[in-house]
Amino acid sequence: MIELWRLPAIELARLVRAREVSAREACKAALERLDAVNPKINAIVAHRPEMVLRQADRIDQLVSRGENPGPLAGVPVTVKVNIDQAGFATTNGTVLQKDLIAKANSPVVDNLVRAGAILLGRSNAPTFALRWFTSNLVHGRTSNPRDPALTPGGSTGGGAAAVTAGIGHLAIGTDTGGSVRYPAYACGVHGLRPTLGRVPAYNASSPERAIGPQLMSSAGPIGRTVDDLRVALAAIAAPDLRDPWWVPAPLEGPAAPLRAAMCVRPGGLPVVKEVEAAVRDAGRRLVDAGWQVDEIDDVPSLKEAAAVQERLWLGNGFAELSEAVARDGDPGALSVVSAFRARVATFEPDLVAHALVRRATATREWRLFLTEYPVLLLPVSAELPFPDGLDLKGEAGFWRVWNAQLVQRGLPAVGLPSLTISTNLIGSIPVGVEIVASHFREDLCLLAGKAIEARGTPVSPIDPVAIAENAGTLPEAAA
């Protein structure tokens with residue numbers, strides 16, 4: 001008998017709509033899988049089985065009446081702990097919000113429900129979503145299912161680990177500086193950061209967000225197949241009046257030539273040989289699929305975009321963030337605040353206005369570039385997925401991580417869609433490539449990603465490998 005939790009999301013939804021499988025059966029399989037493997041990786045930190053089954057029964061009732069329950073009918077999906085889900089704490093990985101119970105769903109959660117998805121559980125994230133590693137004092141540490149010595153990524157590390165281990169078919173996270181794309185890379189699955197304005201965003205539990213995240217953050221899906229990401233994007237991009245910046249752009253744009261640029265060292269990024277090989281391999285895969293791929297020396301203003309991202313992220317509300325981090329006491333979050341305190345002190349009072357001008361200039365350059373090359377291939381990071389806790393290994397470890405993540409930091413400032421595709425394993429270590437396209441051209445990212453995926457990806461879902469006895473606790477470096 002087929003194990004339902006292994007199926008792609010679109011196949012499971014098809015079976016549910018065709019009444020070949022009930023949503024209750026799918027959800028019972030998902031809950032059993034969660035019970036079996038989550039204690040090994042600590043990816044899901046809150047779930048209510050009775051609530052999951054009630055959702056499933058509602059979908060089955062719609063199907064029995066001949067109604068269409070939606071494109072994600074009966075598909076179990078996990079949601080990150082910094083996104084409002086009614087009745088659950090929007091902890092954001094901090095003890096300060098462990099009892100902050102959301103009274104209403106965020107738009108992305110409402111859109112999932114309308115699409116027929118089942119809200120399976122809440123996925124772990126680092127404190128205040130500040131790191132590319134996932135641990136906090138509320139929920140503990142999440143382990144990478146492929147190799148517990150590696151970070152599962154962050155800040156949607158719990159979501160990526162869950163998808164990789166077969167807990168849910170999709171995960172929804174948020175991405176301000178790589179928080180969807182990097183965990184997908186680290187865990188060996190796929191992750192899409194949509195264009196800023198594509199997916200409506202609003203959290204009633206924290207309506208007065210700092211200006212930086214408002215201008216750069218985007219919710220997006222993590223999944224095991226490109227086709228699953230495509231359907232998930234269509235579902236979560238439905239309109240919601242709570243977000244005045246949502247854009248009613250079509251999901252499919254005009255036909256574009258199959259032409260891509262490939263840049264191995266954007267902004268002079270000193271990539272390791274395995275990462276370079278992965279980018280070149282992705283380029284060859286596109287050529288094999290009929291694309292023209294031109295290698296270029298550099299891309300527009302990536303370092304400038306990263307500088308804008310840093311200033312918008314840190315320059316507005318840093319004092320409040322510092323105070324909150326101090327009260328929380330998480331070592332990882334404290335290390336981030338400490339690393340940037342001196343730099344923030346040099347920022348000019350009107351830095352937001354200046355940063356927005358610089359952002360417009362950088363965005364213009366990227367738009368012009370992407371009229372020549374509809375798709376761009378880049379490394380996800382300068383390195384293979386980091387050893388877990390590397391950013392807590394003194395200043396050298398922290399800045400090694402920060403500098404390696406230039407692509408993750410730079411692209412959100414200019415609001416471009418980008419897709420991480422996992423392409424291979426080096427031993428137990430995943431590697432992949434990032435695909436970039438122009439604003440609201442996620443369809444081109446997915447088109448190129450599908451061609452690359454068709455020529456091989458790491459097997460998933462997998463059973464988590466044996467892990468250390470301190471699973472679910474802070475790593476030694478953070479204790």
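Which residues have the most contacts inside the largest nonpolar core? They are Leu112, Leu286, Phe340, Trp366, Leu376 and Ile435, in a core of 142 residues. A nonpolar core here is a set of buried Ala, Val, Leu, Ile, Met, Phe, Trp, Tyr and Cys residues joined through side-chain atoms within 4.5 Å. Buried means under 20% relative accessible area, exposed over 50%, and partly exposed in between, with a 1.4 Å probe and protein chains only. Helix α2, residues 23–41, gives the largest share of this core, nine residues.

Some ground rules. This is a predicted model, where local features need pLDDT of at least 70 and side-chain atom pairs count only at pLDDT 80 or more, while totals for chains, interfaces and linings use all residues. Residues are numbered from 1 along each chain as its sequence is written, and side-chain values use heavy atoms, with hydrogens and water left out. Helices (H or I, at least four residues) and strands (E, at least two) are DSSP runs, numbered from the N terminus.

Leaving aside residues up to four places away in sequence, isoleucine 435 touches several residues, among them Val375, Leu376, Pro417, Cys445 and Ile452. Contact means heavy atoms within 4.5 Å.

Leu112 belongs to helix α4, residues 107–114, where Pro107, Val108, Val109 and Asn111 are buried as well. The cover over the buried residues of α4 includes strands β2, β3, β6 and β8, and helix α8. After α4 comes glycine 116, with a positive phi near 90°.

Next, a helix pair. How do α8 and α16 pack, and at what angle? Helix α8 (226–236) and helix α16 (442–453) pack at about 160°, with axes 9 Å apart. The axes are lines fitted to C-alpha atoms over the stretch in contact, and angles run from 0 to 180 degrees between N-to-C directions. That makes α8 roughly antiparallel to α16, a term for angles over 145 degrees. The residues in this contact divide into five nonpolar, one polar and five charged. Here Ala, Val, Leu, Ile, Met, Phe, Trp, Tyr, Cys and Pro count as nonpolar, Asp, Glu, Lys and Arg as charged, and the others, Gly among them, as polar.

Last, the backbone. Most residues other than glycine have a negative phi, and most peptide bonds are trans. Arginine 19 has a positive phi of about 65° and is exposed, at 60% relative accessible area. Phenylalanine 128 has a phi near 55° but is buried, at 16%. A cis peptide bond joins serine 460 and proline 461, with omega about 5°.

Conventions. Angles under 35 degrees count as roughly parallel, over 145 as roughly antiparallel, 65 to 115 as roughly perpendicular and the rest as oblique.
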